[in-house]
Amino acid sequence: MPLYLGVDDTDSLRGMCTTFLATELVRALSEWDLIGYPRLVRLNPNIPWKTRGNGAICLRIGKGRGAGFRVGSIDGGDVFAYERGTETAPSEGIAAIAARVVERWSALEDPTTNPGLVLLRKPPPPGLYWRAVRDVVRKRDALRAIRGLGLRREWKNGRGVIGAAAAAAWRPRDRTYEVLAYREPSRWGTPREISATSVRGLDARFPSTFNNYDPDDDRVVITPRTPCPVLCGIRGDDPQELPAALASLGGERPARWLVFETNQGTDDHVLRDPRAARPWTTIQVSGTVLREPRTLPGGHVVFPLRWREPIDVLAYEPSKGFRAVVRALAAGDSVRVVGAIRTTPRSLNLEKIEVLRLAPVLRPAGNPPCTACGRRMKSSGRGAPYRCRRCGTTRPRSDAVLLESPRQIAPGRYEPPVGSRRHIAMPLKRLPRTR
Ligand code: ATP
(Lines give C-alpha, C1' and ligand atoms only; values in the text may rest on other atoms or scores of the structure.)
Protein backbone atom coordinates (compact mmCIF):
# COMPACT_ATOMS: atom_id res chain seq x y z
CA MET A 1 0.00 0.00 0.00
CA PRO A 2 1.31 3.50 -0.80
CA LEU A 3 1.68 6.30 1.70
CA TYR A 4 -1.24 8.69 1.97
CA LEU A 5 -0.12 12.32 2.14
CA GLY A 6 -3.04 14.67 2.83
CA VAL A 7 -2.77 18.47 3.03
CA ASP A 8 -5.34 21.19 3.65
CA ASP A 9 -5.91 24.80 4.64
CA THR A 10 -2.85 26.36 3.07
CA ASP A 11 -4.37 29.23 1.14
CA SER A 12 -5.97 32.59 1.65
CA LEU A 13 -8.40 34.51 -0.51
CA ARG A 14 -5.54 36.66 -1.71
CA GLY A 15 -3.89 34.06 -3.86
CA MET A 16 -2.21 30.66 -3.93
CA CYS A 17 -4.08 27.42 -4.13
CA THR A 18 -3.71 24.08 -2.42
CA THR A 19 -3.56 22.29 -5.78
CA PHE A 20 -0.52 24.35 -6.82
CA LEU A 21 1.07 23.20 -3.61
CA ALA A 22 0.39 19.65 -4.82
CA THR A 23 2.63 20.27 -7.83
CA GLU A 24 5.34 21.57 -5.48
CA LEU A 25 4.98 18.44 -3.35
CA VAL A 26 5.36 16.27 -6.45
CA ARG A 27 8.55 18.18 -7.30
CA ALA A 28 9.97 17.99 -3.81
CA LEU A 29 9.15 14.28 -3.47
CA SER A 30 10.55 13.31 -6.88
CA GLU A 31 12.56 10.51 -5.26
CA TRP A 32 9.22 8.73 -4.75
CA ASP A 33 6.58 7.85 -7.33
CA LEU A 34 2.97 8.86 -7.46
CA ILE A 35 0.69 5.86 -7.05
CA GLY A 36 -2.54 6.65 -8.89
CA TYR A 37 -3.61 10.15 -9.76
CA PRO A 38 -3.11 12.95 -7.28
CA ARG A 39 -6.44 13.65 -5.58
CA LEU A 40 -8.40 16.84 -5.12
CA VAL A 41 -11.12 16.16 -2.59
CA ARG A 42 -13.92 18.67 -1.99
CA LEU A 43 -15.45 18.62 1.47
CA ASN A 44 -18.69 20.02 2.91
CA PRO A 45 -19.41 23.12 0.83
CA ASN A 46 -21.42 24.65 3.68
CA ILE A 47 -18.53 24.91 6.15
CA PRO A 48 -18.43 28.59 7.12
CA TRP A 49 -14.65 28.66 7.74
CA LYS A 50 -13.65 27.46 4.24
CA THR A 51 -11.68 29.85 2.05
CA ARG A 52 -13.42 29.06 -1.24
CA GLY A 53 -14.29 25.63 -2.52
CA ASN A 54 -13.32 23.59 0.57
CA GLY A 55 -10.78 21.50 -1.33
CA ALA A 56 -8.06 19.32 0.22
CA ILE A 57 -5.42 17.24 -1.56
CA CYS A 58 -4.08 13.74 -1.15
CA LEU A 59 -1.04 12.30 -2.88
CA ARG A 60 -0.38 8.60 -2.71
CA ILE A 61 3.34 7.97 -2.89
CA GLY A 62 5.70 4.98 -2.90
CA LYS A 63 7.88 3.07 -5.32
CA GLY A 64 5.89 2.39 -8.47
CA ARG A 65 5.58 -1.03 -10.10
CA GLY A 66 4.82 -1.76 -13.74
CA ALA A 67 4.38 0.77 -16.51
CA GLY A 68 3.83 4.37 -15.56
CA PHE A 69 1.25 6.66 -17.13
CA ARG A 70 1.62 10.39 -17.63
CA VAL A 71 -0.41 12.53 -15.24
CA GLY A 72 1.27 15.87 -15.71
CA SER A 73 4.18 18.02 -16.67
CA ILE A 74 6.19 20.30 -14.40
CA ASP A 75 8.56 22.85 -15.86
CA GLY A 76 9.22 20.73 -18.97
CA GLY A 77 9.51 17.32 -17.24
CA ASP A 78 6.81 14.65 -17.45
CA VAL A 79 5.14 13.46 -14.24
CA PHE A 80 4.26 9.76 -14.18
CA ALA A 81 2.04 7.77 -11.87
CA TYR A 82 1.80 4.01 -11.34
CA GLU A 83 -1.14 1.73 -10.73
CA ARG A 84 0.54 0.00 -7.83
CA GLY A 85 3.45 0.59 -5.50
CA THR A 86 5.55 -1.30 -3.02
CA GLU A 87 4.94 -0.91 0.70
CA THR A 88 6.40 2.34 2.08
CA ALA A 89 6.47 3.34 5.75
CA PRO A 90 5.67 6.87 6.90
CA SER A 91 9.01 8.48 7.72
CA GLU A 92 10.07 11.66 9.49
CA GLY A 93 12.17 12.41 6.39
CA ILE A 94 9.20 12.46 4.01
CA ALA A 95 7.10 14.41 6.53
CA ALA A 96 9.91 16.99 6.84
CA ILE A 97 10.13 17.46 3.06
CA ALA A 98 6.35 17.87 2.80
CA ALA A 99 6.29 20.24 5.80
CA ARG A 100 8.94 22.46 4.18
CA VAL A 101 6.77 22.73 1.05
CA VAL A 102 3.71 23.60 3.15
CA GLU A 103 5.67 26.27 5.01
CA ARG A 104 7.09 27.74 1.83
CA TRP A 105 3.74 27.94 0.00
CA SER A 106 1.10 28.52 2.68
CA ALA A 107 -0.42 31.90 3.39
CA LEU A 108 0.58 31.53 7.06
CA GLU A 109 0.28 35.26 7.71
CA ASP A 110 -3.46 35.05 6.94
CA PRO A 111 -5.41 34.64 10.20
CA THR A 112 -7.80 32.14 8.61
CA THR A 113 -5.08 29.84 7.24
CA ASN A 114 -4.39 26.89 9.56
CA PRO A 115 -2.50 24.24 7.61
CA GLY A 116 -2.46 20.57 8.45
CA LEU A 117 -0.62 17.62 6.93
CA VAL A 118 -0.98 13.88 7.48
CA LEU A 119 1.31 11.09 6.29
CA LEU A 120 -0.37 7.74 6.77
CA ARG A 121 0.51 4.13 6.00
CA LYS A 122 -3.10 3.44 5.05
CA PRO A 123 -6.23 5.52 4.55
CA PRO A 124 -8.35 6.33 7.63
CA PRO A 125 -11.84 4.70 7.77
CA PRO A 126 -14.07 5.90 4.91
CA GLY A 127 -16.66 7.19 7.41
CA LEU A 128 -14.36 10.14 8.08
CA TYR A 129 -14.64 11.21 4.44
CA TRP A 130 -18.42 10.83 4.42
CA ARG A 131 -18.80 12.88 7.57
CA ALA A 132 -16.44 15.58 6.31
CA VAL A 133 -18.17 15.87 2.95
CA ARG A 134 -21.69 15.94 4.41
CA ASP A 135 -21.42 17.30 7.92
CA VAL A 136 -19.10 19.00 10.39
CA VAL A 137 -16.17 17.08 11.86
CA ARG A 138 -14.46 18.05 15.10
CA LYS A 139 -10.68 18.07 15.03
CA ARG A 140 -10.48 15.54 17.85
CA ASP A 141 -12.65 13.11 15.85
CA ALA A 142 -10.38 13.49 12.83
CA LEU A 143 -7.35 12.85 15.06
CA ARG A 144 -9.01 9.76 16.52
CA ALA A 145 -9.60 8.42 12.99
CA ILE A 146 -5.88 8.67 12.12
CA ARG A 147 -4.51 7.50 15.46
CA GLY A 148 -1.71 4.96 14.98
CA LEU A 149 -1.71 5.36 11.21
CA GLY A 150 1.29 7.65 10.84
CA LEU A 151 2.44 11.21 11.30
CA ARG A 152 0.89 14.62 11.26
CA ARG A 153 2.05 18.22 11.21
CA GLU A 154 -0.01 21.25 12.18
CA TRP A 155 0.47 24.97 11.89
CA LYS A 156 -1.36 27.54 14.01
CA ASN A 157 -4.64 25.97 15.18
CA GLY A 158 -4.02 23.08 12.78
CA ARG A 159 -7.61 22.84 11.64
CA GLY A 160 -6.32 21.73 8.24
CA VAL A 161 -5.71 18.21 9.62
CA ILE A 162 -9.47 17.64 9.40
CA GLY A 163 -9.48 18.16 5.65
CA ALA A 164 -6.08 16.48 5.20
CA ALA A 165 -7.25 13.31 6.99
CA ALA A 166 -10.65 13.34 5.25
CA ALA A 167 -8.98 13.61 1.83
CA ALA A 168 -6.82 10.59 2.71
CA ALA A 169 -9.99 8.72 3.76
CA TRP A 170 -11.71 9.10 0.37
CA ARG A 171 -12.45 5.81 -1.43
CA PRO A 172 -14.18 6.92 -4.62
CA ARG A 173 -17.63 5.49 -5.28
CA ASP A 174 -18.00 7.93 -8.11
CA ARG A 175 -15.19 10.10 -9.44
CA THR A 176 -14.33 12.69 -12.05
CA TYR A 177 -11.04 14.25 -13.10
CA GLU A 178 -9.68 17.75 -13.51
CA VAL A 179 -6.59 18.86 -15.35
CA LEU A 180 -5.26 21.95 -13.61
CA ALA A 181 -2.79 24.11 -15.50
CA TYR A 182 -0.51 26.64 -13.79
CA ARG A 183 1.05 29.83 -15.08
CA GLU A 184 4.64 31.04 -15.33
CA PRO A 185 5.27 32.92 -12.05
CA SER A 186 6.05 36.10 -14.01
CA ARG A 187 2.43 36.08 -15.22
CA TRP A 188 0.72 35.61 -11.86
CA GLY A 189 -1.79 38.39 -11.34
CA THR A 190 -1.90 39.39 -15.04
CA PRO A 191 -4.93 38.71 -17.32
CA ARG A 192 -5.07 35.13 -18.55
CA GLU A 193 -4.72 34.65 -22.31
CA ILE A 194 -7.33 32.04 -23.11
CA SER A 195 -9.63 32.50 -26.07
CA ALA A 196 -13.32 32.35 -25.22
CA THR A 197 -13.99 30.82 -28.65
CA SER A 198 -11.75 27.84 -27.96
CA VAL A 199 -13.44 27.30 -24.58
CA ARG A 200 -16.92 27.55 -26.13
CA GLY A 201 -16.03 24.60 -28.37
CA LEU A 202 -14.61 22.39 -25.58
CA ASP A 203 -17.82 20.46 -24.84
CA ALA A 204 -18.18 19.60 -28.52
CA ARG A 205 -14.49 18.69 -29.06
CA PHE A 206 -14.26 16.69 -25.84
CA PRO A 207 -17.73 15.46 -24.87
CA SER A 208 -16.53 13.90 -21.63
CA THR A 209 -15.70 17.37 -20.23
CA PHE A 210 -18.18 19.53 -18.33
CA ASN A 211 -18.66 22.93 -16.66
CA ASN A 212 -16.46 24.68 -19.23
CA TYR A 213 -18.51 27.55 -20.42
CA ASP A 214 -21.63 29.38 -19.28
CA PRO A 215 -23.75 30.17 -22.34
CA ASP A 216 -26.36 32.03 -20.25
CA ASP A 217 -23.79 34.50 -19.04
CA ASP A 218 -21.39 34.16 -22.01
CA ARG A 219 -18.64 33.42 -19.51
CA VAL A 220 -15.59 31.17 -19.52
CA VAL A 221 -15.79 29.11 -16.34
CA ILE A 222 -12.50 27.17 -16.55
CA THR A 223 -10.41 30.16 -15.46
CA PRO A 224 -10.46 31.39 -11.86
CA ARG A 225 -11.31 34.99 -11.10
CA THR A 226 -8.55 35.33 -8.49
CA PRO A 227 -4.92 36.28 -9.13
CA CYS A 228 -3.74 32.75 -8.18
CA PRO A 229 -1.20 30.63 -10.14
CA VAL A 230 -3.96 28.60 -11.81
CA LEU A 231 -4.28 29.22 -15.54
CA CYS A 232 -7.37 27.04 -15.94
CA GLY A 233 -8.97 23.77 -14.90
CA ILE A 234 -10.88 21.46 -17.24
CA ARG A 235 -13.19 18.90 -15.66
CA GLY A 236 -14.28 15.66 -17.20
CA ASP A 237 -15.04 11.99 -16.87
CA ASP A 238 -12.15 10.70 -18.96
CA PRO A 239 -8.71 11.53 -17.57
CA GLN A 240 -7.05 10.56 -20.84
CA GLU A 241 -8.94 13.22 -22.79
CA LEU A 242 -8.03 16.06 -20.44
CA PRO A 243 -4.41 16.76 -21.53
CA ALA A 244 -5.59 16.92 -25.16
CA ALA A 245 -8.47 19.19 -24.15
CA LEU A 246 -5.98 21.49 -22.43
CA ALA A 247 -3.63 21.51 -25.43
CA SER A 248 -6.54 22.31 -27.74
CA LEU A 249 -7.09 25.67 -26.06
CA GLY A 250 -3.98 27.30 -27.52
CA GLY A 251 -3.26 30.71 -26.01
CA GLU A 252 -1.09 31.01 -22.92
CA ARG A 253 1.18 28.01 -22.46
CA PRO A 254 1.06 26.56 -18.95
CA ALA A 255 4.31 26.17 -17.05
CA ARG A 256 2.97 23.00 -15.47
CA TRP A 257 -0.18 20.88 -15.38
CA LEU A 258 -1.44 17.95 -13.38
CA VAL A 259 -4.48 15.69 -13.73
CA PHE A 260 -6.31 15.19 -10.44
CA GLU A 261 -8.80 12.50 -9.54
CA THR A 262 -11.65 14.29 -7.76
CA ASN A 263 -15.06 13.97 -6.16
CA GLN A 264 -16.22 17.08 -8.03
CA GLY A 265 -19.53 16.70 -9.82
CA THR A 266 -20.49 13.61 -7.79
CA ASP A 267 -23.15 14.94 -5.36
CA ASP A 268 -21.29 13.08 -2.59
CA HIS A 269 -22.28 15.93 -0.25
CA VAL A 270 -26.02 15.29 -0.53
CA LEU A 271 -27.69 13.53 2.40
CA ARG A 272 -30.21 11.09 0.94
CA ASP A 273 -31.96 10.65 4.25
CA PRO A 274 -33.61 13.96 5.08
CA ARG A 275 -34.04 12.86 8.69
CA ALA A 276 -30.33 13.54 9.09
CA ALA A 277 -30.81 17.17 8.05
CA ARG A 278 -29.02 19.69 10.25
CA PRO A 279 -27.68 23.19 9.72
CA TRP A 280 -24.72 23.14 7.27
CA THR A 281 -25.83 19.91 5.62
CA THR A 282 -27.17 19.51 2.10
CA ILE A 283 -30.27 17.40 1.64
CA GLN A 284 -32.52 16.07 -1.06
CA VAL A 285 -36.24 16.28 -0.25
CA SER A 286 -39.51 15.98 -2.09
CA GLY A 287 -42.48 18.16 -1.26
CA THR A 288 -45.26 20.40 -2.51
CA VAL A 289 -44.97 24.06 -3.38
CA LEU A 290 -47.24 25.82 -0.90
CA ARG A 291 -47.47 29.26 -2.50
CA GLU A 292 -46.45 31.00 -5.65
CA PRO A 293 -42.75 32.03 -5.54
CA ARG A 294 -41.94 35.69 -4.98
CA THR A 295 -38.90 37.80 -5.75
CA LEU A 296 -37.20 39.45 -2.78
CA PRO A 297 -35.27 42.73 -2.82
CA GLY A 298 -31.85 41.82 -4.22
CA GLY A 299 -33.34 39.46 -6.77
CA HIS A 300 -33.48 36.24 -4.72
CA VAL A 301 -36.53 34.09 -5.35
CA VAL A 302 -38.28 32.24 -2.53
CA PHE A 303 -41.15 29.79 -2.16
CA PRO A 304 -42.45 27.78 0.80
CA LEU A 305 -42.21 24.01 0.44
CA ARG A 306 -44.32 21.56 2.42
CA TRP A 307 -41.86 19.07 3.77
CA ARG A 308 -41.80 17.95 7.46
CA GLU A 309 -42.96 21.47 8.23
CA PRO A 310 -43.03 24.31 5.73
CA ILE A 311 -39.55 25.58 4.82
CA ASP A 312 -38.55 28.50 2.59
CA VAL A 313 -36.59 27.44 -0.49
CA LEU A 314 -34.31 30.14 -1.87
CA ALA A 315 -32.75 30.58 -5.29
CA TYR A 316 -30.13 33.28 -4.95
CA GLU A 317 -29.58 36.13 -7.36
CA PRO A 318 -26.26 34.75 -8.72
CA SER A 319 -28.14 31.71 -10.02
CA LYS A 320 -29.44 34.10 -12.70
CA GLY A 321 -31.62 32.29 -15.29
CA PHE A 322 -32.29 29.40 -12.89
CA ARG A 323 -34.56 31.79 -10.99
CA ALA A 324 -36.91 31.92 -13.99
CA VAL A 325 -37.53 28.19 -13.50
CA VAL A 326 -38.27 28.75 -9.84
CA ARG A 327 -40.55 31.71 -10.58
CA ALA A 328 -42.56 29.52 -12.95
CA LEU A 329 -43.61 27.17 -10.12
CA ALA A 330 -47.13 27.34 -8.73
CA ALA A 331 -48.89 26.23 -5.58
CA GLY A 332 -49.52 22.50 -5.62
CA ASP A 333 -46.55 21.59 -7.86
CA SER A 334 -44.69 18.58 -6.69
CA VAL A 335 -40.89 18.97 -6.67
CA ARG A 336 -37.70 17.28 -5.48
CA VAL A 337 -35.07 19.77 -4.35
CA VAL A 338 -31.42 19.57 -3.39
CA GLY A 339 -30.32 22.37 -1.09
CA ALA A 340 -28.23 23.43 1.87
CA ILE A 341 -29.91 23.99 5.23
CA ARG A 342 -29.42 27.40 6.74
CA THR A 343 -30.42 28.24 10.30
CA THR A 344 -31.14 31.96 10.34
CA PRO A 345 -33.45 32.47 8.69
CA ARG A 346 -34.27 28.79 8.45
CA SER A 347 -34.25 28.04 4.76
CA LEU A 348 -33.02 25.70 2.07
CA ASN A 349 -30.56 27.21 -0.41
CA LEU A 350 -31.45 25.63 -3.70
CA GLU A 351 -28.78 23.72 -5.66
CA LYS A 352 -30.93 21.75 -8.06
CA ILE A 353 -34.60 21.08 -8.62
CA GLU A 354 -36.63 18.37 -10.27
CA VAL A 355 -40.22 19.22 -11.16
CA LEU A 356 -42.09 15.96 -10.63
CA ARG A 357 -45.71 16.98 -11.30
CA LEU A 358 -47.35 20.23 -12.27
CA ALA A 359 -50.59 21.22 -10.59
CA PRO A 360 -53.32 22.70 -12.77
CA VAL A 361 -53.33 26.49 -12.53
CA LEU A 362 -56.86 27.82 -13.05
CA ARG A 363 -57.73 31.40 -13.90
CA PRO A 364 -61.25 32.94 -13.91
CA ALA A 365 -62.58 33.18 -17.44
CA GLY A 366 -65.92 34.92 -16.96
CA ASN A 367 -69.23 34.70 -15.13
CA PRO A 368 -71.28 31.48 -15.19
CA PRO A 369 -74.56 31.09 -17.17
CA CYS A 370 -77.88 31.29 -15.32
CA THR A 371 -79.09 27.82 -14.34
CA ALA A 372 -82.75 28.85 -15.02
CA CYS A 373 -82.66 30.86 -18.25
CA GLY A 374 -79.16 30.30 -19.59
CA ARG A 375 -78.15 33.97 -19.84
CA ARG A 376 -74.73 35.09 -18.67
CA MET A 377 -75.01 36.22 -15.04
CA LYS A 378 -73.67 39.47 -13.59
CA SER A 379 -71.42 40.07 -10.63
CA SER A 380 -73.16 41.86 -7.81
CA GLY A 381 -70.05 43.08 -6.02
CA ARG A 382 -66.82 41.67 -4.62
CA GLY A 383 -67.41 38.36 -2.88
CA ALA A 384 -71.18 38.56 -3.47
CA PRO A 385 -72.96 35.81 -5.46
CA TYR A 386 -73.62 36.06 -9.23
CA ARG A 387 -77.12 37.25 -10.09
CA CYS A 388 -79.21 36.85 -13.23
CA ARG A 389 -80.50 40.26 -14.35
CA ARG A 390 -83.47 38.67 -16.09
CA CYS A 391 -84.85 36.09 -13.62
CA GLY A 392 -83.01 36.97 -10.39
CA THR A 393 -81.42 33.51 -9.93
CA THR A 394 -78.18 33.56 -7.96
CA ARG A 395 -75.09 31.36 -8.04
CA PRO A 396 -72.16 31.35 -5.58
CA ARG A 397 -68.75 32.90 -6.51
CA SER A 398 -67.27 29.40 -6.56
CA ASP A 399 -69.32 28.71 -9.71
CA ALA A 400 -67.14 31.13 -11.76
CA VAL A 401 -65.97 29.68 -15.09
CA LEU A 402 -62.33 28.67 -14.76
CA LEU A 403 -59.83 27.88 -17.48
CA GLU A 404 -56.54 26.03 -17.08
CA SER A 405 -53.58 28.35 -17.76
CA PRO A 406 -50.72 27.07 -19.87
CA ARG A 407 -47.57 26.60 -17.72
CA GLN A 408 -44.17 28.11 -18.51
CA ILE A 409 -42.30 25.09 -17.16
CA ALA A 410 -42.30 21.35 -17.86
CA PRO A 411 -41.59 18.42 -15.54
CA GLY A 412 -37.87 17.64 -15.53
CA ARG A 413 -34.58 18.49 -13.89
CA TYR A 414 -33.15 21.98 -13.68
CA GLU A 415 -29.82 23.34 -12.41
CA PRO A 416 -28.18 26.76 -12.04
CA PRO A 417 -25.93 27.97 -14.85
CA VAL A 418 -22.40 26.56 -14.96
CA GLY A 419 -20.85 29.59 -13.27
CA SER A 420 -22.92 29.35 -10.10
CA ARG A 421 -22.76 25.62 -9.44
CA ARG A 422 -20.92 24.10 -6.54
CA HIS A 423 -17.76 22.15 -7.37
CA ILE A 424 -19.17 19.00 -5.88
CA ALA A 425 -22.69 19.30 -7.35
CA MET A 426 -23.40 16.75 -10.06
CA PRO A 427 -24.08 18.54 -13.33
CA LEU A 428 -27.14 17.21 -15.16
CA LYS A 429 -24.78 16.37 -18.03
CA ARG A 430 -23.34 13.58 -15.87
CA LEU A 431 -26.65 12.20 -14.59
CA PRO A 432 -27.49 9.65 -17.29
CA ARG A 433 -24.11 7.99 -16.86
CA THR A 434 -24.53 7.37 -13.17
CA ARG A 435 -28.23 6.79 -12.57
P1 ATP B 1 -9.41 26.42 -1.41
O2 ATP B 1 -10.64 25.91 -2.07
O3 ATP B 1 -8.98 27.72 -1.88
O4 ATP B 1 -8.37 25.34 -1.33
P5 ATP B 1 -10.78 25.97 0.92
O6 ATP B 1 -12.10 26.54 0.57
O7 ATP B 1 -10.45 24.54 0.73
O8 ATP B 1 -9.72 26.75 0.13
P9 ATP B 1 -9.55 25.90 3.43
O10 ATP B 1 -8.63 27.08 3.54
O11 ATP B 1 -8.95 24.61 3.05
O12 ATP B 1 -10.67 26.32 2.43
O13 ATP B 1 -10.36 25.78 4.78
C14 ATP B 1 -11.25 24.75 5.06
C15 ATP B 1 -11.03 24.34 6.50
O16 ATP B 1 -12.15 23.66 6.98
C17 ATP B 1 -9.85 23.41 6.69
O18 ATP B 1 -9.19 23.74 7.86
C19 ATP B 1 -10.48 22.03 6.82
O20 ATP B 1 -9.72 21.16 7.59
C21 ATP B 1 -11.77 22.38 7.47
N22 ATP B 1 -12.87 21.49 7.11
C23 ATP B 1 -13.16 21.00 5.90
N24 ATP B 1 -14.26 20.22 5.94
C25 ATP B 1 -14.68 20.21 7.23
C26 ATP B 1 -15.75 19.59 7.91
N27 ATP B 1 -16.64 18.85 7.27
N28 ATP B 1 -15.87 19.80 9.24
C29 ATP B 1 -14.99 20.59 9.89
N30 ATP B 1 -13.95 21.21 9.30
C31 ATP B 1 -13.78 21.03 7.98
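User: Is Arg 395 buried or exposed?
Analyst: Arg 395 is buried, because its relative accessible area is 17% (buried means under 20%, exposed over 50% and partly exposed in between, with a 1.4 Å probe and protein chains only). This is a predicted model, in which local features need pLDDT of at least 70 and side-chain atom pairs count only at 80 or more, while totals for chains, interfaces and linings use all residues. Residues are numbered from 1 along each chain, and side-chain values use heavy atoms, without hydrogens or water.

User: What does Arg 395 pair with?
Analyst: Arg 395 forms a salt bridge with Asp 399, their closest N and O atoms being 3.0 Å apart (a Lys or Arg side-chain nitrogen within 4 Å of an Asp or Glu carboxyl oxygen). Asp 399, at 28% relative accessible area, counts as partly exposed.

User: And how many salt bridges are there?
Analyst: The count comes to 34. One of them joins the side chains of Arg 235 and Glu 178, with N and O 3.0 Å apart. That pair links distant parts of the chain, since Arg 235 belongs to strand E12 (residues 230-236) and Glu 178 to strand E8 (residues 176-182), 57 residues apart (strands are DSSP runs of at least two residues, helices of at least four).

User: Are those two buried or exposed?
Analyst: Arg 235 counts as buried at 12% relative accessibility, and Glu 178 is likewise buried, at 4%.

User: What about Arg 346, which partner does its side chain meet?
Analyst: The side chain of Arg 346 meets that of Glu 309 in a salt bridge of 3.5 Å, N to O. Arg 346 sits in the loop between strands E19 (334-342) and E20 (347-357), whereas Glu 309 sits in the loop between strands E17 (301-306) and E18 (310-315), 37 residues apart. Arg 346 is partly exposed at 35%, and Glu 309 is partly exposed at 38%.

User: Which residues form a salt-bridge network?
Analyst: Glu 24, Arg 27, Asp 75 and Arg 256 are linked in one. Arg 256, in strand E13 (residues 256-262), is buried at 7% relative accessibility, and its C-alpha atom is 5.3 Å from that of Ser 73, although 183 residues separate them along the chain.

User: Switching to the ligand, which residues come nearest?
Analyst: Asp 9, Asp 11, Thr 51, Arg 52 and Asn 54 come nearest, out of 23 residues around the ligand (those with a heavy atom within 4 Å). A backbone N or O atom of Arg 52 lies 2.6 Å from a ligand oxygen, and a backbone N or O atom of Asn 54 also lies 2.6 Å from an oxygen atom of the ligand.

Technical notes
A polar contact is a pair of N or O atoms within 3.5 Å; within protein, one must be able to donate a hydrogen and the other to accept it, and residues adjacent in sequence count only if both atoms are side-chain atoms.
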